[in-house]
Amino acid sequence: MSILDKRCEIIVPCSHIEQLPCILNMDVDALYFGIRGWSRSNRELEFSIFQVEEFCRKSHSKGKKALLSFNLMFSPMEVEQAWLTLKEVLPKGIDGVICSDPSLAMRIRDSFPHIEIHASLGTLVLSLEEAHFWGDIGVKRVVLSPHLTLEEIQELSFSLSSRGIETEVMLFGVRCRATLLGICRMSSYFDMNLENSGLRTMIWSGSSKRSGVCYRTCAQEWKDASGKEWLWSPQVYWDIEKLPYLLQAGVKAFKIGSRGMDWKRLSTLVKALREKMREEESYV
Amino acid sequence: MFELSTHIPTLRILKETDLSAYHSLYLGDPTCPHVPGNLSSHPDLLKEALYLAKEQGKGCYLSLYAEPRNKDLPWIERLLEHASSLPLDGIEVHNLGLVRLIKKMNLPFPIHLGSFANLYTHETAKLLHRMGVTKVFPNPELSLEEINYIRTHAPTQVILQIHGKIPLGISENCFIREYREGTCEELCFKPYWLASGKWTLKNLGRATVSGKDLCLIEYLGSLYWRGFRTFYIQTLRESKRYIETIGTIYRRALEKIDQGIDDYIDQSSIGLMSELSSYGFCNGYLFRRSGHRYIGRLFGGERISPLEVRKEEWSYEE
């Protein structure tokens, strides 16, 4: 294993327990997953809380970290339910929690100081002050917004590293255009339904912040009064060509987003990324 | 007693509009620093506007740009240094980084958290209160029960939007400049409506707001007697007549409610509001529905059966 491999992490999603053996055989450093009702994903792509222990045990047996995505914005009336759920699952071997709510991040920091906290992509960190806000809260890592330029990523990474805070970039994902990712209510404005999600009772399907399910209202054909169409569709991106600059900028981790992706496709992306990392070793 | 506020983006609008209905004003347009004459990116104009508004007895809050990047931080810091010597009553931010910056600069002003800041829980409101935040706009996606829960479980005051377009998102791009030719001066203050089938939206350049106007006039009494006292009307890029008329309707209604008058809706105001609304009304997310729907007896609104409401309340209990 090269110095570069040790320095940088590749993080991939795991959406089903059946997928786990395939993903554990990939050349990745960490897996992230959600538990039903509490992550920004479709409910079918989340785990039961009873599968968490097995997930963590198997991940650790292959030398990989288990990261819990708990980044959905829950109701103020569900704060205690969220906390009880976390208290149940965090001791089962979770290495880190990806979250969006600052008060929850502080609570995890105070009660589980050995667990890493990552400020989720949905926190929309766009400036040094925002990044350091999360640093003050006690996060170990900030997942940077896909809207940032390379220069901004470099500024943020250098500044945060002086406090021992890492940065992460999602290399594969969806970049919204109509609004900044993390601040969008277009989907829920037109279509939102309360759904029963099992152990967690109420899910606001249609709100990307409150359920992870976005109906992509922006991708409809929107025309102005002159009949001109405004192109607002989100774009799927694969920023592997930016890797050399991101490595130079000091980015610590690279995530491949999109839960529910076919594991074969995921494997292809991981191989391409690992290969590119090895090619770029001279940059370190 | 209650407070009614709105945003006033420019000195021209401040000078030309009768703002007697409003107790306080958010000075500046938080959606884009390049809005011509934006009070939150022109310190000299801000000072003039502030003294003018103070002469009218208004509470004045500076409304900062909602989504600053690193390149914006130096000018925002200079603006804040300038503002530190002004008699402001508070600063509105939509961004947790700016809460940190104001705290770091040790500015004496209370902070109001704007609607783009994604506040969803009372615990976060409590945390931010320790950082100087005194008033919050909860995320518009929250229901009335949830907003009330934050109001009653956190030391911050909750500001409730009772009328106007709902802020739905903000982008890094100005779509008006992208799809129209012209300068900001020529383009910015015109209305830009977008349609997709029967759905409508309004674009403000970088920000997108609802096509329908959120309207809570028929629930105002109930909101008041639940304990809400801090109300806001969203009037960015609306006409002078809209700002004046809607403000006056709500101010009169609130004064009647405050005096214990049940029949607080002046029937003529229903027609006036309809006249000023291009695409009708909605209640936002207050009743656990998609934001564009209108639940109620006015404006041809939808009714929810009591059974449906009760079923949801049961399943939502802690």
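I count two strands as paired if DSSP finds at least two bridges between them. The model I am reading is predicted.

**Entry 1: a strand pair across the chains**

Strand β10 of chain A, residues 222–224, is joined to β8(B) by two bridges. The two strands run antiparallel. I then looked up Lys223(A) and found that its bridge partner in β8(B) is Ala195(B).

**Entry 2: the side of chain B that touches chain A**

Next I took the contact between the chains as a whole. I noted 51 residues of chain B in contact with 49 residues of chain A. Which elements of chain B each supply at least two residues of the side that touches chain A? I listed α4 (96–104), α5 (122–129), α6 (144–153), β7 (157–170), α7 (175–179), β8 (192–196), β10 (207–215) and α12 (306–315). The largest share, six residues, comes from α4(B). By residue class, I recorded this side of chain B as 23 nonpolar, 17 polar and 11 charged.

**Entry 3: parallel strands in chain A**

Strand β4, residues 96–99, and strand β5, residues 116–119, run parallel and are joined by four bridges. For Cys99(A), I found the bridge partner Ala119(A) in β5(A). Helix α5 of chain A covers residues 102–111. Together with β4(A) and β5(A), α5(A) makes a right-handed β-α-β unit.

I followed β5(A) to its pairing with strand β6 of chain A, residues 141–143. Two bridges join these strands, and they also run parallel. Which residue in β6(A) does His118(A) stand opposite? I found Arg141(A) there. With α6(A) included, β5(A) and β6(A) make a right-handed β-α-β unit. I note that β5(A) takes part in both units.

**Entry 4: a helix pair in chain A**

I kept α6(A) in view and looked up its packing against α7(A). Two packed helices are described by the angle between their axes and the distance between the axes. Helix α6 of chain A spans residues 128–137, and helix α7 of chain A spans residues 150–161. Their axes come within 10 Å and cross at roughly 35°. Is the crossing of α6(A) and α7(A) left-handed or right-handed? I recorded it as right-handed.

I then listed the residues that meet. From α6(A) they are Leu128(A), Ala131(A) and Gly135(A). From α7(A) they are Glu155(A), Leu156(A), Ser159(A) and Leu160(A). I sorted the residues of this contact into four nonpolar, two polar and one charged.

Definitions and conventions: Residues numbered from 1 in each chain as written. Chains lettered and ligands numbered in written order. Predicted model: local features only at pLDDT ≥ 70, side-chain atom pairs only at ≥ 80, totals over all residues. Contact = placed C-beta atoms within 7 Å. Nonpolar A, V, L, I, M, F, W, Y, C, P; charged D, E, K, R; others polar. Axes fitted to C-alpha atoms, helices over the stretch in contact; angles between N-to-C directions. Left-handed = near helix turned anticlockwise from the far one by under 90°. Right-handed = clockwise from strand over helix to strand, strands pointing away.
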